Amino acid sequence: MNNEKENEYVRLALPLMSKYDVPITPRNYAVWYKYVSGGSKELKKIIDMMVEKKEIFNNEKNENLYVRFCAEKNEEDLKRFRQGLQQILETILREIMDITGQTEQYETVVSKSISKLSGTVSDENIMDIINEIIDETRAMGAHGKQIQKKLNETRENLKTIQKQFEEAKTAALVDFLTGAPNRKALDDKFKQYSAEAVPGEKDMCLLLIDVDHFKKFNDKFGHVTGDEVLKFVSKKIKAIVRGRDFFARYGGEEFAVLLPHTPLSGAVTVAENVRKYFSETSIKSTSASVKLGKITVSTGAACYRADESFEDLIHRADKALYYAKNNGRNQVAAEAEINNA
């Protein structure tokens with residue numbers, strides 16, 4: 001999609017949200033952007049029906065729309081939020097210029113911010129842009145009561161946007177289903193931990209943990225129960241790992257644990273604790289009150305090598321996981337075992 005088309009959707013979404021009293025949050029914005037861009041015929045049909053019936057877009061309905069149509073789009077939310085913020089700043093600038101002519105410096109600051117948002121800008125820099133506008137807005141307070149009132153409103157709106165953006169950044173690092181950190185958060189943590197790692201002295205290891213035969217489980221009990229089990233598995237693995245060990249949902253029925261300052265033997269011990277817990281625990285569905293029996297997990301473990309990429313470390317852990325599954329599942333395999341096999 002070209003920038004002109006994207007900007008057009010931004011210009012359409014904001015007035016509609018204002019018209020129907022929908023708060024400008026990243027989640028709500030994602031829904032209305034998808035609505036005006038025609039990204040979902042079903043979403044368009046539902047919103048059109050709500051408008052026709054003059055329903056109020058309250059917090060519950062807004063959240064339901066987001067969960068149903070946009071829940072897996074956190075990264076897109078942030079991108080569109082940047083675009084929405086740019087449009088809001090442009091609106092602020094026009095309003096301030098209508099009230100007073102003493103805005104040359106303010107106009108310069110806001111215009112520069114709009115220009116920055118039009119280009120490539122990091123999440124951290126967006127926070128700097130918002131802070132800069134807030135500071136400049138505060139400095140404009142000496143130009144009369146009318147401008148003071150508008151500037152106070154502007155400052156409060158910007159602080160709200162700032163808070164919402166921080167929440168959106170946090171949401172982009174969390175898996176929607178389980179509430180665990182997601183793959184992006186895992187990538188970020190690898191960068192931190194690998195910078196601290198000294199192979200042979202301060203080792204860092206990775207575990208890839210996979211629920212055995214999960215597809216068959218889903219087929220037998222249904223996806224709702226399957227999701228319930230993934231939440232349970234996530235909660236229990238997180239409870240078993242300790243200290244700075246970093247747990248995340250890697251994708252599907254697969255989870256990952258980064259273990260800083262831990263040799264391969266220590267990583268295997270952690271993995272065995274996880275494996276043993278599930279192999280000895282019978283579970284049941286709380287929503288359907290159905291006994292599900294036992295589930296088991298297989299795990300692959302690998303140790304970080306100097307200056308290697310995260311993809312290389314994942315590849316070796318995945319090979320160990322594959323080895324564990326091929327040898328009967330419900331077991332832990334370390335890369336050393338594969339090398340010696």
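Visitor: How do helix H9 and helix H13 cross?
Guide: In this predicted model, the axes of H9 (residues 183-196) and H13 (residues 310-326) come within 11 Å and cross at roughly 110°. That makes H9 roughly perpendicular to H13 (65 to 115 degrees; under 35 is roughly parallel, over 145 roughly antiparallel, the rest oblique). Axes are lines fitted to C-alpha atoms, for helices over the stretch in contact, with angles from 0 to 180 degrees between N-to-C directions. Helices (H or I, at least four residues) and strands (E, at least two) are DSSP runs, numbered from the N terminus.
Visitor: Which residues make that contact?
Guide: From H9, Arg183, Leu186, Asp187 and Phe190; from H13, Phe310, Glu311, Leu313 and Ile314. Contact means heavy atoms within 4.5 Å.
Visitor: And by class?
Guide: The contact of H9 with H13 has five nonpolar, three charged and no polar residues. Ala, Val, Leu, Ile, Met, Phe, Trp, Tyr, Cys and Pro count as nonpolar, Asp, Glu, Lys and Arg as charged, and the others, Gly among them, as polar.
Visitor: What about H10 and H11, at what angle do they pack?
Guide: About 135°, with the axes of H10 (residues 214-221) and H11 (residues 223-240) 7 Å apart. That makes H10 oblique to H11.
Visitor: Who touches whom there?
Guide: Phe214, Phe217, Asn218 and Phe221 of H10 meet His223, Thr225, Gly226, Val229 and Leu230 of H11. By class, that contact of H10 with H11 has five nonpolar, four polar and no charged residues.
Visitor: New topic. Which residues of H4 are buried?
Guide: In H4 (residues 59-69), they are Asn62, Leu65, Tyr66 and Phe69. They cover an arc of only 95° around the axis, so they sit on the same side of H4. The arc is that of the directions from the helix axis to the C-beta atoms. Buried means under 20% relative accessible area, exposed over 50%, partly exposed in between (1.4 Å probe, protein chains only).
Visitor: What's on the face turned away?
Guide: That face of H4 carries the exposed residues Asn59, Glu60 and Arg68.
Visitor: Is Ala334 buried or exposed?
Guide: Ala334, in strand E7 (residues 332-334), counts as buried because its relative accessibility is 5%.
Visitor: What does Ala334 contact?
Guide: Leaving aside neighbours within four places in sequence, Ala334 is in contact with Leu264, Val268, Ala301 and Ala320.

Note on methods
Residues numbered from 1 in each chain as written. Predicted model: local features only at pLDDT ≥ 70, side-chain atom pairs only at ≥ 80, totals over all residues. Heavy atoms only, no water.
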